[in-house]
Amino acid sequence: MFNKVLIANRGEIACRVAATARRLGIRTVAVYSQADAQSQHVAMCDESVLIGPASAKESYLQIERIIAAARETGAEAIHPGYGFLSENEEFAAACEANGMVFIGPPASAIRAMGSKSAAKALMEKAHVPLVPGYHGERQESDFLREQADAIGYPVLLKASAGGGGKGMRIVERGEDFEAALASCKREAINSFGDDRVLVEKYLQQPRHIEIQVFADNQGDCVYLFERDCSVQRRHQKVLEEAPAPGMTPERRQAMGEAAVNAARAVGYVGAGTVEFIANQDGSFYFMEMNTRLQVEHPVTELITGTDLVEWQLRVAAGEPLPLQQQDLRIDGHAIEARIYAENPEKGFLPSTGSLLHLRLPEAVAFAHGEVRIDAGVRQGDAITPHYDPMIAKLIVHGDDRSQALARMQQALQAIEIVGPATNVAFLARLIATPAFTNAELDTGLIDRHHALLFPPAESVPIEMVALWLAKLTTPETTSYDPWGSVQGWRLNGRYRRQLRFNCDDQEFALELDYRRDSRYIAYQSQETMLSQVNVDQTEVSLLIAGRHISGRVIWVDDRFHVLWQGSHRVISWSDPIAHAGESESDDGRLTAPMPGKIVQLMVAEGASVEKGAPLLIMEAMKMEHTISAPAKGKVEALNYAVGDQVAEGAQLLSFAPEAS
Ligand code: ADP
């Protein structure tokens, strides 16, 4: 076995490899970009080497620098993880040329599977079933059109060099062929520097089923069963599970053997995945082979009780496969969800920013175990535009699919992330859709259930409103305490005031009712009593209508993130000061609608100002608010100086609007 391995990657996969290496007593070397100096993968490894600036092109994709780092630190082998250089034959060859072991297949196997077209030609020879289509060298538009006509529409155009869902176009009718081909070639040349395409029959409601294979240097090759990765957005996986629902032992064996044949055909060594596209009737066709460990490998580990990174290390060190085909069994069911920093509501656009608050189920005690989190980030780390926006992978195991689903739902509820937008709430809805629960899987599931997956924004539940109001009463927020500010106004032992707030672009109104000994919230035509408020930093608990609830409220900038029972709502204050001038300009008095402090006077007494001119700045709720002239006119008197505390309702200045 190796003494020292360099991990040419970052994030969760680098941490994942480091953890297994440590368990096996192997020393690890991390490489990192300037953006990752403080990152977890660096902290987890025994040594680390800076390899360049943040941009992946100048760091994680720099073959020379990574080889040099391995040489300097005396690493005997390099684990490429996935992405970056993992499927780069030049890198595999460079490792070999420098006397280091590339933990992956031989460069020749990477090359053979690198082009989707060339791989298909090879697979045809190995009698692996292919989707009807054309994957030859000829690229003239008329010729490809003839092929498409012969295959029958719809067809799919794919960049031969493609990956990551890029360079694919569905063509529904012959008339659209030419335009689609041009656009596919454009994307292919831009993304991969190679505009060759292939044409395939576009299958209706297919499933994506892939087989994990493993081969050693002794000529043995096994399959570790299948993963169903049909639930996709933009042709990219969102949920993966194993085994595939509905799979029969016969078909599993047929697919497994086809995958092993595919691997053998290219002299494969190490971990690889053969991807198939399958019809609902069970017929399946080779799509491509990924010559590396996959993001979704943990579901296979959980159902087979293996550690595939350990297998990779052992096989790369020349050991035989730890298990033979007849020793491999499926135990229970596993599902993985990819937690992304992205905005599902905005077309799954990646989101960036610091993870201001991060709580993953790792730290949560589950009654019956079997929840795994593969993460490479910690609270305070940033999701940057330089790398993939994946935050973590959540993987659950159960005795059967329904138990795994229940655990997934429970684990998703326990995730708390404040910072970038995430897909956590979307995943919870996805897991709960009847189509997914009933395992009616195909690659169009997300698109077809759009209405269920993207329901209109709901109103904010009273519990979350109460938690937010409770947080407003804590010391750091007391500059605006909606309850405290009314102390002086309790003339008859009772005071009511109205508040407004925003959430998901909707405005909500509520009324606070402060009676002699209790507080009430009137919200959505219900009056609820609130008591026993307890706030400890971000943790808030209270008694609402006799029920004890607790949640978390995190105040970032001018927004409050309220987390309660797996929901995450972002409440922002409808700033009453912002509208101060508008409603109170009639009588020329400008008053403070909430208590605060004067921080700056921007005009002198007697000044003539235009409408909208800033007059003074007040601070309340730790935010600055500018009071502006409600109309063109004259400032007759300033009633306060800088530093003065003002009470709610205080007249700040006298203002004489110009007669129009
Ligand atoms: P990439 O390498 O870019 O990820 P793949 O060839 O692996 O591309 O295909 C990605 C996804 O596109 C598949 O999982 C499937 O959802 C869809 N897809 C690919 N080929 C077909 C096809 N012939 N018919 C229908 N859908 C397909």
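1. A cavity here is a set of grid points where a 1.4 Å probe fits but cannot get out. Please keep that in mind as you look around this model, which is predicted.

2. Searching the whole structure turns up 1 cavity of 30 Å³ or more. The largest cavity holds about 60 Å³ of space. Its lining is made up of 15 residues, and those closest to the centre are Ile103, Gly104, Arg292, Leu293 and Gln312.

3. What kinds of residues form that lining? The lining of the largest cavity has 7 nonpolar residues, 7 polar residues and 1 charged residue.

4. Now step back to the chain as a whole. Its C-alpha trace spans about 90 × 60 × 50 Å along the principal axes.

5. How much of the chain is buried? Of its 660 residues, 55% count as buried, where buried means under 20% relative accessible area. The accessible surface of the chain is about 28,100 Å², and carbon and sulfur atoms account for 46% of that area.

6. A last point concerns contacts along the sequence. Taking contacts between residues at least 6 apart in sequence, 62% join residues at least 24 apart.

Technical notes:
Residues numbered from 1 in each chain as written. Predicted model: local features only at pLDDT ≥ 70, side-chain atom pairs only at ≥ 80, totals over all residues. Heavy atoms only, no water. 1 Å grid on protein atoms, 1.4 Å probe; cavity = no way out; pocket = protein on both sides within 12 Å on 5 of 7 lines; lining within 4 Å. Points joined across faces, edges and corners; volume = space filled by probe spheres on them. Nonpolar A, V, L, I, M, F, W, Y, C, P; charged D, E, K, R; others polar. Buried < 20%, exposed > 50% of the residue type's maximum accessible area, 1.4 Å probe, protein only. Contact = heavy atoms within 4.5 Å. Areas by Shrake-Rupley, 256 points an atom, 1.4 Å probe, with all protein chains shown as cover.
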